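I opened my notebook today to look through a chain one piece at a time. Come along and check each entry on the screen as we go.

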Amino acid sequence: MKVTEKKNPDGTIELTAVAATAEVAQAFNVAHHSFLANMGLQVGPTQTPAQVAEEELGIVNLDAVSQQLAVDYLVPFAVDKRNLCPAFPPKPVINQMIKRGEPFEFQLIVTPKPDYELTSYEPVSVTVPALRFDEAMVDEQLRQVLESYATYVRCDSHPLGENDAARIKVEATQGGKANKNLSTDGRTYIMGMNLLPEGFEKNLLGMAEGDTKSFSFDIPGAEKGTDPIDCTVTVLECQCKKVPELTDEWVKQNIPMLPNAAALRASIREALLAQQQAQYREMQLSMVADELARRFEGAIADEVYESMRDTLMQNVKGSLAQQGLQFDEFVAMQGGIQQFSMMLMVQARQMLVQGYALDALFRHEKMTLDDEDIMAACRAMNPADPTTARRQMEGNGQAFVLRETAGRLKANRWLLEHADITISDEQPEAEKAE
């Protein structure tokens, strides 16, 4: 991509970018997948996005409906090409339609991120609660480990209740044909886990060892006219859960890399403590950054606030969609749209001020970034696979976002290292009540 820039009298920077035909093709390819993802559709291993769009949505020309997404994909590459860091994402100015097989030219008006100052750059002082490790967490983790190895064994016959288990035989048919997936000569069934539809499970209630019952039930969500499932169930034996005891022999048999029960407990404790220590450090980083933000001076432009608010709104909606929650219902739970909007604005200002304060500290201390700083930011974003995180961000033209994140993280860690930290021995109110 070729990008030229021109500084405007108002301090903005005008970029003129020309994407090559290969870059346009890549933009459309990414846009196709983004469009289908937004529609809740996935592309199978033997399918193309165009095939899915036509089969599922009746869209013949997928390029035509994903043009804006393709343009949006190209925008950050133009910004990164000139090594700029905008105050908010710029919107493209388009004088021509983007078409596959042709170069594409567009303009951007970039408002550079402003440099703010702080009232003081002296070390901050904060009081943090003492790190307390609750040994009960180890006991709970051990309990969960043992539960995962639980088995079901025969017990005295009794009428099956909502949380009971039994070994059952099932003969199932649908429309006169055997249903092999449901049929079984003997399988443990655990009530209350919704392993099968409610229509099946409610018929098991009250049955005891040796009982046989025939019944039918509908398949939830099936198309109208779908035949119900006809089945005959025999309770072969009532069962109860048997959780193993934690012994050295059990550990050697099931977790051979550990020598005994004490080693298992120590391993779990070490992992939980490391996790709590990491969370404790994150809390300290947040506290010193909040304290530094109190020294921020200057005014933040309305358009910057609005952009951050819109970003937070999109993040909330995306998170709710992944959880299967309705946005309107969530807003109502927060006290209504007015209360929710106010909360977003407060959060937007907090994030902006804290970020700008860390930027100011980074400049004041004349810090620089190296490759390890970039990887540190990637590890913070994706501890399991920081290399992939870096490749994805740089591959999507977000290298300038990565550099900003790395700079703020480095400043935040420096701030904590030089802070005056007081450890409070007072027990938190929540623990006192408990």
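**Entry 1: a serine in a helix**

I started at Ser-307, which is found in helix H9. I am reading a predicted model, where local features need pLDDT of at least 70, side-chain atom pairs count only at pLDDT 80 or more, and totals for chains, interfaces and linings use all residues. Residues are numbered from 1 along each chain as its sequence is written, and side-chain values use heavy atoms, with hydrogens and water left out. Helices (H or I, at least four residues) and strands (E, at least two) are DSSP runs, numbered from the N terminus.

Is Ser-307 buried or exposed? I found 18% relative accessibility, so Ser-307 counts as buried. The cut-offs are under 20% relative accessible area for buried, over 50% for exposed, and partly exposed in between (1.4 Å probe, protein chains only). Not counting residues up to four places away in sequence, Ser-307 touches Phe-88 and Pro-89. Contact means heavy atoms within 4.5 Å.

**Entry 2: the rest of H9**

Next I looked along the helix around that serine. The buried residues in H9 are Val-304, Tyr-305, Ser-307, Met-308, Leu-312, Met-313, Val-316 and Leu-320. I noted a general point here: an α-helix has 3.6 residues a turn, so residues three or four places apart point the same way. Which helices do the buried residues of H9 pack against? They pack against helix H10 (327–333) and helix H11 (337–364).

I then checked the length. H9 covers residues 302–323, and its 22 residues at 1.5 Å a residue should span 32 Å; the end C-alpha atoms are 32 Å apart, which agrees. The expected span is 1.5 Å times one less than the number of residues. After H9 comes Gly-324, with a positive phi near 75°.

**Entry 3: H11 and the lysine after it**

I repeated the length check on H11. Its 28 residues should span 40 Å at 1.5 Å a residue, and its end C-alpha atoms are 40 Å apart, which agrees.

Just after H11, Lys-366 takes a positive phi of about 55°. I marked that one, because most residues other than glycine have a negative phi. Lys-366 sits in the loop between H11 and H12. With a relative accessible area of 71%, Lys-366 is exposed.

**Entry 4: another positive phi**

I found Asn-83 in the loop between H4 and strand E3 (92–94). Its phi is near 55°, a positive value in a residue other than glycine. At 56% relative accessibility, Asn-83 counts as exposed.

**Entry 5: Phe-77**

From there I stepped back to Phe-77, found in helix H4 (residues 67–81). Phe-77 counts as partly exposed, at 23% relative accessibility. Which residues is Phe-77 in contact with, leaving aside its neighbours within four places in sequence? I listed Met-1, Glu-394, Gly-395, Asn-396 and Gly-397. I also noted that Phe-77 and Val-3 are 74 residues apart in sequence and 9.4 Å apart in space, C-alpha to C-alpha.

**Entry 6: two helix pairs**

Two packed helices are described by the angle between their axes and the distance between the axes. Axes are lines fitted to C-alpha atoms, for helices over the stretch in contact, and angles run from 0 to 180 degrees between N-to-C directions.

Angles under 35 degrees count as roughly parallel, over 145 as roughly antiparallel, 65 to 115 as roughly perpendicular and the rest as oblique. On the H12 side I saw Asp-371, Ile-374, Met-375, Cys-378, Arg-379 and Met-381, which meet Pro-386, Thr-387, Ala-389, Arg-390 and Met-393 in H13. The residues of this contact divide into seven nonpolar, one polar and three charged. Ala, Val, Leu, Ile, Met, Phe, Trp, Tyr, Cys and Pro count as nonpolar, Asp, Glu, Lys and Arg as charged, and the others, Gly among them, as polar.

My other pair was helix H8 (residues 261–293) and helix H14 (residues 399–417). Their axes come within 9 Å and cross at roughly 90°, so H8 and H14 are roughly perpendicular to each other.

**Entry 7: the whole chain**

Last, I zoomed out and counted 15 helices and 14 strands. Buried residues make up 35% of the 434 residues in the chain.
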